[in-house]
Amino acid sequence: MAQALSFANDGTRLVFAEDDIDAHSPSHDGQRSGRHGKCRADSIIPTAGKEGTILAPNTYKGQSIAVFTSGGDAPGMNSAVRSVVRMGIYLGCRVYFIYEGYQGMVDGGEYIKLAEWDSVSDIIQKGGTIIGSARCKEFRERSGRLAAAANLIRYNITNLVCIGGDGSLTGANLFRQEWPELVQELVNTGKVTAEKAKQCSNIQIVGLVGSIDNDFCGTDMTIGTDTALHRITEAIDSVISTAQSHQRSFVIEVMGRHCGYLALVAALATEADFCFIPEWPPPTNWPQVLCDKLQMMRGEGSRLNIIIVAEGAIDREGRPITTNEVMTTIKQRLHYDTRVTVLGHVQRGGSPSAFDRLLGCRMGAEAVTALMEMTPESEPCVVSIDGNSIVRVPLMECVLRTQAVQKAMNEYDWDSAVRLRGRSFQRNLDTYRLLTKLHIPRNIDLSKVQSFNIAVMNVGAPAGGMNAVVRSFVRMGIYHHCKVFGIKNSFLGLMNGDLKQMAWRDVSNWVMHGGSFLGTQKQLPTENMDKIAAALQKFDIHALLLAGGFEAYHSCLLLARGREKFPSLRIPLCVIPCTISNNVPGTSLSLGSDTAVNEICMMIDKLKQSAAGTKKRVFIIETMGGYCGYLATLSALASGADNAYIFEEKFSVGDIVDDVKVIVKKMKTGVQRYLVVRCENANNNYTTEFVKQLFAEEGKGEFSTRINILGHAQQGGNPTAFDRNMGTKLAARALEYLVAQVHASYDSATGKVNATHDDTATLLGLLGRRVVFTPVEELALETDFEHRLPKDQWWLRVRPLLRILAKHESLYESEFKPYEDCDAEDEG
């Protein structure tokens, strides 16, 4: 990718960014220092949410909230519904279900029911929506909205959480705008008393976007998208095995009538050869372009071809492109055995991914808080995710921008359509386009006329996404005419000279597999620095990428500090964090952690299922993570567990005994099981076995306790679409950065690289919405090396939500009695 590199200040440290940097960032004179990253400009300005803020119970006692789902269902909606109900009850509100979306709001009666704490028990792992969803013609008419207003006023409902797409949210906004007139008409016709009208003079709306297409502007991800990608990648992984056996081409149709996000990310996550999306159509001669590409792939040794087609795919003149048309083209021109697979509604179904469960939990809680803080003058908002932060954005600004994308597509303005989709979509498209080329033309080749030797190795425990990193790095290096060496078995392999110059075909079909094909070991270079330096000198390595966990980060730091003694270490070094523990500083997420959380949630789901036929059982589940409580906390929240014991949040015997009291109390109300997740190193003395014995002693026979140590199963399984896609993009970014640094420090006269500045030994991580290169020397100041932890961890702010959604006291229950005098005269 051609780049124009520039410097800008992000307010605390210097930012090193590509040519699409935020135009409002001030320029700098070029001195390199601190963190280097990519800024983002966005016309939709978010407002910070209140996640992590401690809220007292019954803060908003007496308020009424209703939640409904509308439009197409999306996995994760149940998680959001559960969160709205429990956060509302915790804050003292009456919370109502509106069944069947707007239709239930119009029909009223049995379709509007008071929700209780137990109404949303054991639903977080279920797909679809337990309260139903339907499209409603009546609500599009004013008479239907009038009936809906009457039904809401009957229950004093003046706060709505709408979970749906842009059409549903637009309808909610119109309803709010008309509300004063609707109320006045109900008063005039005698259907509502003046007193009731005064109590319900305003209605507040907060939206949560549930859509598998990820087609809503203003949020990085919509509820359901991640799960749909799971379904798609699982299906394509299965297709690949049969296609490989028979040397077949498969044309696979995925959902996305107006948005190509699913098709594009699935193409990156499955190594697809070609992808058709509506935002960036192929030229009208696409049959020739497609066939040339497929022939080229076969010529490189591939035994199969995967072509992904979004259901709304078109060419540059707006003509639809169908899967059957693509299949016929391949058969007629290339005579390949070609099949079509239409995934259909399988993409909507199944248990939600861990990410969608977490997203629903976090968004639902924020929606309740946002509603309670609104005034009559407040505009409706959408709760969205911005990087790792839950924020609020203006509803109609998001809707208008979403509609602007379709307008640009209708006008064949493809550049604007892609730009309006946002930076993440653009980066996905850029990476896909690069990875579908065999060579970069010399005029935009990063290596220019010099062929550099670059190497990649895995360090530490295996993690999902490692192979995706290596594949992307190798191919990007080849595209830029570099020689790319794969180092086997970490530093041991490097010392033994176990390096292989990688060819394009060597990394085919790597992205879908877990583990590490290069081999990886937990070892530091401390005692063998001289041998490592000698090996780098022998193979004339100009730059090195280390993909791994805390060991990889620590190794990079040690190599950088060894430069003064060993000249061959004076090369650009970069770390891509790959560890299920997510315990590396300089990044909010490490590759592999998403895969691990999903594996843990699947195992917990099975444990919950096994407990369905057993009365009064407590499960203590031990996760990996070392001293880092990320896996324990996130998997507990995503699986509906009751508590998580972690090192970062100190606990005592008294806290464990308090949990026993909660268990006994809950089981007396009919709860049959209780889940506690414990990080393996949460406390050296309060071990998992100790907790079990304490539960048995203090429980006095009220329940039985079982231990489940999940072990290395957490490191296994195929990587999730997120880990595959992020690994691919990070490796491409790392390659570009390393080659640029080699150029800056290369002496053509001696053929040597002399990289000594701190910013030539960096860690590439995700900070908010930015991809950031941080000098490892700087990160050393932010690291607890004794416990192998960052000193600051963003996910700790979701800990209060875990307790709120899992634990409630009897004092809450008495507050949520339905009105006994829902006035009969208000009906009609």
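In the predicted model, the axes of helix α12 (residues 414-421) and helix α13 come within 5 Å and cross at roughly 120 degrees. The two helices are therefore oblique to each other. On the α12 side the contact is formed by V418, R419 and R421, and on the α13 side by F425, Q426 and L429. By residue class, this contact of α12 with α13 comprises three nonpolar, one polar and two charged residues.

Helix α13 (residues 423-435) also packs against helix α7 (residues 261-270), at an angle of about 45 degrees and with the axes 10 Å apart. This angle makes α7 oblique to α13. The crossing of α7 past α13 is left-handed. From α7, the residues Y261, L264, V265, A267 and L268 take part, and they meet F425, N428, L429, T431, Y432 and L435 of α13. The residues of this contact divide into nine nonpolar and two polar, with no charged residue.

Helix α4 contributes D166, L169, T170 and N173 to the contact, while α11 contributes L395, M396, V399 and T402. Four nonpolar, three polar and one charged residue make up the contact of α4 with α11.

The UniProt record, an unreviewed entry, places the feature "domain: Phosphofructokinase" at residues 65-371 and 453-737. In the model, the span of residues 65-371 is 45% helix and 15% strand, and its end C-alpha atoms lie 9 Å apart.

An open sheet of four strands, with parallel pairing, has the order β11-β12-β10-β13. Strands β11 (274-276) and β13 (338-342) stand at its edges with a single partner strand each, so one side of each is left without a neighbour in the sheet. From one strand to the next, the twist averages 15 degrees. Strand β11 runs parallel to β12 (residues 305-310), and three bridges join the two. Within this pairing, C275 has I308 in β12 as its bridge partner.

Another open sheet of four strands, again with parallel pairing, has the order β22-β23-β21-β24. Here the edge positions belong to β22 (643-645) and β24 (704-709); each has a single partner strand, so one side of each is left without a neighbour in the sheet. Neighbouring strands are turned by 20 degrees against each other on average, direction ignored. Strand β21 (residues 617-623) and β24 run parallel and are joined by six bridges. I620 has I707 in β24 as its bridge partner. Helix α20 (residues 653-668) packs on this sheet, where it touches β21, β22 and β23 (673-679). The direction of α20 makes about 155 degrees with that of β23.

Methods. Residues numbered from 1 in each chain as written. Predicted model: local features only at pLDDT ≥ 70, side-chain atom pairs only at ≥ 80, totals over all residues. Heavy atoms only, no water. Pairing = 2+ DSSP bridges. Axes fitted to C-alpha atoms, helices over the stretch in contact; angles between N-to-C directions. Contact = heavy atoms within 4.5 Å. UniProt positions renumbered as here; feature names shortened; annotations may be inferred. Parallel < 35°, antiparallel > 145°, perpendicular 65-115°, else oblique. Left-handed = near helix turned anticlockwise from the far one by under 90°. Nonpolar A, V, L, I, M, F, W, Y, C, P; charged D, E, K, R; others polar.
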